[in-house]
Amino acid sequence: MSEAITPDDAARRRAFAEVVEPEIEVMLRVARSITGSAADAEDLVQESLVRAFRAIDRFDGRHPRAWLLTIVRNTNSNMHRRRRPIAVDDWELIHASRPAFGSVESPAAEEVYVVQELDGALQAAVAGLDPKFRSALVLVDVHDLSYAEAAAVLDVPVGTVMSRLSRARERVRKALGPTFTTTRGEQS
Amino acid sequence: MTGALRQMVTCHWTARRLQRYLDADPAAPLTPGEITRLEEHVATCERCSEVMRQHRLLHRALSLWSGRRPVDPASVDRMRTVLDDLIDGRQT
Ligand SMILES: [Zn+2]
């Protein structure tokens, strides 16, 4: 039996849909990072949408992505009896796939060259990071989340995201030192 | 302060702000004054400009990883259906 929906209620539901719909893809992406599987990601996002809908009155309208990602993180914790720290582990799966240059935009040929030169060393450097640092790096640099959004996923303060990110990037950059040197003169 | 020491201090100052400059994240903006000072320093400092080039390249290389494993559009569609059902009151 469906309940009667008042005009106010209908407007609120439409507003909710407008805010949430553009975030579905990033929710799925982050959910896949957390769960490590596309099927589990769908279950997690579906449950998160239901919870977000129920919590609609507590949403202040600002930063919908961070709000939704907080719900994804909490839902994930609730769905698993044992509370585990969030692991962002899809970077390995990413490398089971082929490079997708040109899928989004076409980078300059020289950039493709430099990035391909770096890629093997980059994978190794990211693999060697402490998972705490790697999570911050993957969420911000690979998945393009803001500091606040990454903080929402990891359940840590923004300052912690920034310091982990900084350490992760610096370690990766240092590990890639020799590769950078060889790419330097070949750009022009 | 000697020129070399001044340079070193500014390199250190720049290194501490480089991430915030490159990310330009709304949670941690630099002031316009800091941005100007950083840009002026990097324009004349080979070491800092090389560090910046490397960070940009790293970010670019990492951001391309996301395109390797795109989200399945069918998965997005199924979640849209879930959302539609929710707002139409077909699922609570
Ligand atoms: Zn410098």
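Biologist: Of the 188 residues of chain A, what percentage count as buried?

Modeller: This is a predicted model, in which local features need pLDDT of at least 70 and side-chain atom pairs count only at pLDDT 80 or more, whereas totals for chains, interfaces and linings use all residues. Residues are numbered from 1 along each chain as its sequence is written, chains are lettered from A and ligands numbered from 1 in the order in which they are written, and side-chain values use heavy atoms, with hydrogens and water left out. Buried means under 20% relative accessible area, exposed over 50%, and partly exposed in between, with a 1.4 Å probe and protein chains only. For chain A, the buried share is 46%.

Biologist: How many helices does chain A have?

Modeller: Helices (H or I, at least four residues) and strands (E, at least two) are DSSP runs, numbered from the N terminus. Chain A has zero strands, and its pattern along the sequence is α-α-α-α-α-α-α-α-α-α. The number of helices in chain A is ten.

Biologist: Which residues are linked with A:D9 in a network of salt bridges?

Modeller: A salt bridge is a side-chain nitrogen of Lys or Arg within 4 Å of a carboxyl oxygen of Asp or Glu, and the structure holds 16 of them over all chains. One of them joins A:R13 and A:D9 at 3.6 Å, N to O, and these two residues lie four residues apart in helix α1 (residues 7–20) of chain A, about one turn of the helix. A:R13 is buried because its relative accessibility is 8%, and A:D9 is buried with a relative accessible area of 18%. The network links A:D9 with A:R12, A:R13 and A:D57.

Biologist: How many residues apart in sequence are the parts that A:D141 and A:R169 tie together?

Modeller: The side chains of A:D141 and A:R169 form a salt bridge at 2.9 Å, N to O. A:D141 belongs to helix α7 (residues 131–142) of chain A and A:R169 to helix α9 (residues 158–175) of chain A, so the pair ties together parts with a sequence separation of 28 residues. A:D141 counts as buried at 1% relative accessibility, as does A:R169 at 9%. The separation asked for is 28 residues.

Biologist: Where in chain A is A:D155 found?

Modeller: A:D155 has a positive phi of about 60° although it is not a glycine. Its relative accessible area is 42%, so A:D155 is partly exposed. A:D144 also has a positive phi of about 60° without being a glycine, and sits in the loop between α7 and α8 of chain A. The place of A:D155 is the loop between α8 and α9 of chain A.

Biologist: Is A:D144 buried or exposed?

Modeller: The relative accessibility of A:D144 is 56%. At that value, A:D144 counts as exposed.

Biologist: What is the arrangement of the four donor atoms around the zinc ion?

Modeller: Donors are N, O and S atoms within 2.8 Å of the metal (3.2 Å for Na, K and Ca), and sites may look incomplete because water is not among the atoms. The zinc ion is coordinated at 2.0 to 2.3 Å by B:C11 (SG), B:H41 (NE2), B:C45 (SG) and B:C48 (SG). Four donors count as tetrahedral if all angles lie between 85 and 135 degrees; four count as square planar and six as octahedral if opposite donors are over 155 degrees apart and all others between 65 and 115, and anything else is irregular. Here the angles are 103 to 114°, which makes the arrangement tetrahedral.

Biologist: What spacing do the donors of the zinc ion follow along the chain?

Modeller: The spacing of the zinc donors is C-x29-H-x3-C-x2-C. Distant parts of chain B are linked, with B:C11 in helix α1 (residues 3–23) and B:H41 in helix α2 (residues 32–44), 30 residues apart. B:C11 counts as buried at 6% relative accessibility, and B:H41 is buried at 6%.

Biologist: How far apart are the end C-alpha atoms over residues 11–48 of chain B?

Modeller: An unreviewed UniProt entry lists these residues of chain B as "domain: Putative zinc-finger"; UniProt positions are given in the numbering used here, feature names are shortened, and annotations may be inferred rather than shown by experiment. Over residues 11–48 the chain is 76% helix and 0% strand. The end C-alpha atoms are separated by 7 Å.
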